[in-house]
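Take a look at the model below. Then read on with the structure beside you.

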Amino acid sequence: MGRRRGTKGPVGAVYTWVRGQSVKAKTALGALAALVVLAALWALVHNHNHFFVASEAVHAAGIIVLIYKLSSLKTCSGLSLKSQELTAIFLAVRFYCSVIIEKDVHTVLDLLTLFSTIWVIYMMRFKLNSSYTKELDNMPTYYLLVPSIVLAIFVHPFLYKHHSRFLWAFSVYLESVSVLPQLRLMQNAKMVEPFTAHYVFALGVARFLNSAHWIIKVVDTGGSFLTGSSSAVFWTPAVLIAELVQTLILADFCYYYIKSAMLGQLMRLPSAHGMRDI
């Protein structure tokens, strides 16, 4: 079940101290750490659009980890096909909108990530289907698709005068919840396969970078970015909330990932009834 390494030295001392704190104290410490990182990014990175490029690059790195797992280990155990299909949907929609609206480096990165995700889906459905744990991948996708469609109809950007404004909003909302089937599968399985854990951790880092862009932009404009345009009075806060939702969804996973890495153990998740301390 994985060998435990000693946690000696300053890192081990800090970990032991954090482990002994209450859940509220750990939450506060996690929030403080996030604020420190945000402050460092704000001070060091002057072009905040670089956060988007970095986010997409980290996501692509996570996909590369999956490609290695599927091509070398010949197994898709522990991987959610539903999450991959939802990812392909929002990437395809976002790529289409990007071609119409932007045509920049983000368009290229989205296309590469989309092709990689489609390859992962192909491998899971046709080549490695025998190792796919379908019974554990049991979250209905319509729980995520339908609310995303409804939200996109009512809350979307008004800067674009054609159908892409609805599609763009749909891709934002779907992306924010697309990882939920993967988290449900891992909670059902309890034990998280290492390469899958690396992939989901990469998603967590990518989402944090996206959130950092929006939070820093709000800070730099003194909050006027949220309400400065009548066309963005609902859309801009909705984007920020969507980014924060996915970041918070993955924050708990990232805590357990870092803890397992420090202890040199295979990663385990608590039951779906609550993420309690180890």
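This is a predicted model: local features need pLDDT of at least 70, side-chain atom pairs count only at pLDDT 80 or more; totals for chains, interfaces and linings use all residues.

Residues are numbered from 1 along each chain as its sequence is written, and side-chain values use heavy atoms, with hydrogens and water left out.

Start with the core. A nonpolar core is a set of buried Ala, Val, Leu, Ile, Met, Phe, Trp, Tyr and Cys residues joined through side-chain atoms within 4.5 Å. Buried means under 20% relative accessible area, exposed means over 50%, and partly exposed lies in between (1.4 Å probe, protein chains only). The largest nonpolar core holds 51 residues. Tyr173, Phe253 and Met267 have the most contacts inside it. Several helices supply at least two residues each, among them α3 (50-73), α4 (81-101), α7 (164-177) and α11 (235-263). Helices (H or I, at least four residues) and strands (E, at least two) are DSSP runs, numbered from the N terminus. The largest share of this core, 9 residues, comes from α11.

Now pick out Phe253. What does Phe253 touch, leaving aside residues up to four places away in sequence? Its partners are Leu183, Met186, Ala197, Val200, Phe201, Met267 and Leu269. Here a contact means heavy atoms within 4.5 Å.

Next comes α7. This helix has 14 residues. From first C-alpha to last, α7 reaches 20 Å, close to the 20 Å expected at 1.5 Å a residue. That expected span is 1.5 Å times one less than the number of residues. Of the 14 residues of α7, 12 are buried, so the helix is largely enclosed by the rest of the structure. The buried ones include Trp168, Phe170, Tyr173 and Leu174. What covers them includes α4, α6, α8, α9 and α11.

Look at how α4 packs against α7. Two packed helices are described by the angle between their axes and the distance between the axes. The axes of α4 and α7 come within 9 Å and cross at roughly 145°. Axes are lines fitted to C-alpha atoms, for helices over the stretch in contact, and angles run from 0 to 180 degrees between N-to-C directions. Residues of α4 including Leu86, Phe90 and Ile101 take part in the meeting with α7. On the α7 side, Leu167, Trp168 and Leu174 are among those involved.

Turn to α3. It has 24 residues and reaches 34 Å from its first C-alpha to its last, close to the 34 Å expected at 1.5 Å a residue. Its buried residues include Phe51, His59, Ile63 and Leu70.

Lys74 follows α3. This residue lies in the loop between α3 and α4. Its phi is positive, about 55°, although Lys74 is not a glycine. Is Lys74 buried or exposed? At 54% relative accessibility, Lys74 counts as exposed.

Ser80 also has its place in the loop between α3 and α4. Ser80 is buried, with a relative accessible area of 0%. Not counting residues up to four places away in sequence, Ser80 touches Met124, Asp137, Pro181, Gln182 and Leu185.

End at Lys190, in the loop between α8 and β1 (191-192). Lys190 has a positive phi of about 70°, although it is not a glycine. At 38% relative accessibility, Lys190 counts as partly exposed.
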